[in-house]
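Dear colleague,

I am handing over the structure below for you to look at alongside these notes.

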Amino acid sequence: MEQIIRSPERLAGSLAVPGDKSVSHRSLILNAVANGTATVTGISDGADVQSTAACLRAMGVSIDPLEEPGSFRVDGLGANLNEPSDLLDAGNSGTSMRLLSGLLASQDFLSVLSGDGSLRSRPMGRIVQPLQQMGASIMGRNGNTLAPLAIRGGSLRSIEYEMPVASAQVKSCLMLAGLAAQGPTVLHQPALSRDHTERMMSAMGVRIENDGLTLTLHPAELQAVDVAVPGDISSAAFWMVAGLIHPNARVTITGVGLNPSRAGIIDALQMMGAGHSLRLENERVEGGEPVADVVASSASLKGIDLGGEIIPIMIDELPVLAVAACFAEGDTVIRDAAELRVKESDRIAATVSELTRLGGSLEPREDGMVIHGVGRLTGAEVESHDDHRLAMSMAVAGLVASGETTIHGAEDASVSYPVFWDHLAGLVGDGN
């Protein structure tokens, strides 16, 4: 699918982004193996979360839609899932594969997890190795580092594990396995990552201790809890950046989840000089997660040096931040972000390549990139690289580029944001 974008005279409106993808995955997975029944509202309707739901249903979990859109009733099976009769397809979702692997490591049956071509190329050794240390039998391609993964679960022992990367997916995988381990699981993290799993498990009765970067989880049975899923800040980031860099814009994104372990994009944009052009309104707490409406309007930005602890809490937003950096005064340096190379695409190479096609001036680095603020982009043909975040980042670039931008692979946006193009059309009105 091709999508043609032109810069409108004005960018304005209010919208609600899909439910937070990370919270949506966890609300289904954790309630699936809890005791009792839960109602989950505001769930993401993206393909990734649908993959998680389909895998859980294949193991006997009842996930039934309710009358309100995005709402489901989940009937937990406790700790005992049913052996699937066929391969479990995680689609394009690394979250589905990694979290479900942790869940399946304790199940006394055989399961096989696979996905699309992109997912089958993403690194799985980072979860396979510690799960094997816990006693699970796992086999995969390329020395057990690539999917499909064949898992024979069973009785697990606890481990103390030094995590090589700050990854919420790896951490959550091992926490899910640790629920059934014989003793506490201790994880030493190199840096903090998003903490949705800790919050939700705690609400479901799990004892979790945090001491700096060390997390200790004690085995427990989960008790079902209702979850109100907030708006996805990773999806909201596209409209934040669009509102800031378009010369005549005011965009309001309602009900955005602002969990501190996810809100690095807000901090980064403020570091770039967004100031009062990026405001939080109607701040509140819903379902244990901080939520607010975010208002973004035209601003003058400056280049920054971005690295260290902020990177893990905004890793998914770095491609669209690079778009903002093209319009900032001076250079923006992104470092400590080598994880970008093993996402749905090599997001360092893809971001540099596509923004360069639009007239941007970028230099790739092994762990990031340097973006020289040129203050303008020119429409051209660009590719999504089978990556939903690249497709949407190029759309934001097209909203401020002169001329016409054609995005090939625009349908990839549906992986996390099925109504993205509808929302874009609403913001540009007759100007696109």
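Is H385 buried, partly exposed or exposed? Its relative accessibility is 33%, so H385 counts as partly exposed, where buried means under 20% relative accessible area, exposed means over 50% and partly exposed lies in between, computed with a 1.4 Å probe and protein chains only.

Before the rest, a word on the basis of these notes: this is a predicted model, in which local features need pLDDT of at least 70 and side-chain atom pairs count only at pLDDT 80 or more, while totals for chains, interfaces and linings use all residues. Residues are numbered from 1 along each chain as its sequence is written, and side-chain values use heavy atoms, with hydrogens and water left out. Helices (H or I, at least four residues) and strands (E, at least two) are DSSP runs, numbered from the N terminus.

Backbone geometry

Most residues other than glycine have a negative phi, and most peptide bonds are trans. Against that background, H385 has a positive phi of about 60 degrees although it is not a glycine, and it sits in the loop between β26 (381-383) and α12 (388-400). N142, in helix α5 (residues 141-144), likewise has a positive phi, near 50 degrees, and is a residue other than glycine; N142 is exposed, with a relative accessible area of 58%. The peptide bond between A147 and P148 is cis, with omega about 5 degrees, and P148 belongs to strand β10 (residues 146-152).

Helices

The crossing of α11 and α12 is right-handed, a term used if the near helix is turned clockwise from the far one by less than a right angle, left-handed being the anticlockwise case. Contact here means heavy atoms within 4.5 Å, and on that basis R347, A350, T351, E354 and L355 of α11 meet H388, R389, L390, M394 and A397 of α12. The residues of this contact divide into five nonpolar, two polar and three charged; Ala, Val, Leu, Ile, Met, Phe, Trp, Tyr, Cys and Pro count as nonpolar, Asp, Glu, Lys and Arg as charged, and the others, Gly among them, as polar.

Helix α10 (residues 318-326) is largely enclosed by the rest of the structure, because nine of its nine residues are buried. In helix α7 (residues 196-203), H196, T197, E198, M200 and M201 are buried, and the buried residues of α7 pack against elements including α1 (21-32), α6 (168-178) and β21 (289-297). Just after α7, G205 takes a positive phi of about 100 degrees.

L222 lies in strand β17 (residues 222-223) and is buried, with a relative accessible area of 2%. L222 and A203 are 19 residues apart in sequence and 9.1 Å apart in space, C-alpha to C-alpha. Leaving aside residues up to four places away in sequence, L222 touches L30, V33, A34, N35, L179, M204 and V206.

Strands

Two strands pair if DSSP finds at least two bridges between them. Strand β25 (residues 368-372), in which four of five residues are buried, pairs in the antiparallel sense with strand β23 (residues 331-334) over four bridges and with strand β24 (residues 361-365) over five bridges. D331 stands opposite H372 in β25, P364 stands opposite M369 in β25, and a hairpin joins β24 to β25 through two residues.

Elsewhere, an open sheet of four strands has the order β5-β6-β4-β18, with mixed pairing; its edge strands are β5 (62-65) and β18, each of which pairs on one side only. Within this sheet, strand β4 (residues 37-41) and strand β6 (residues 72-75) pair in the antiparallel sense over four bridges, and the bridge partner of A38 in β6 is V74.

With best wishes
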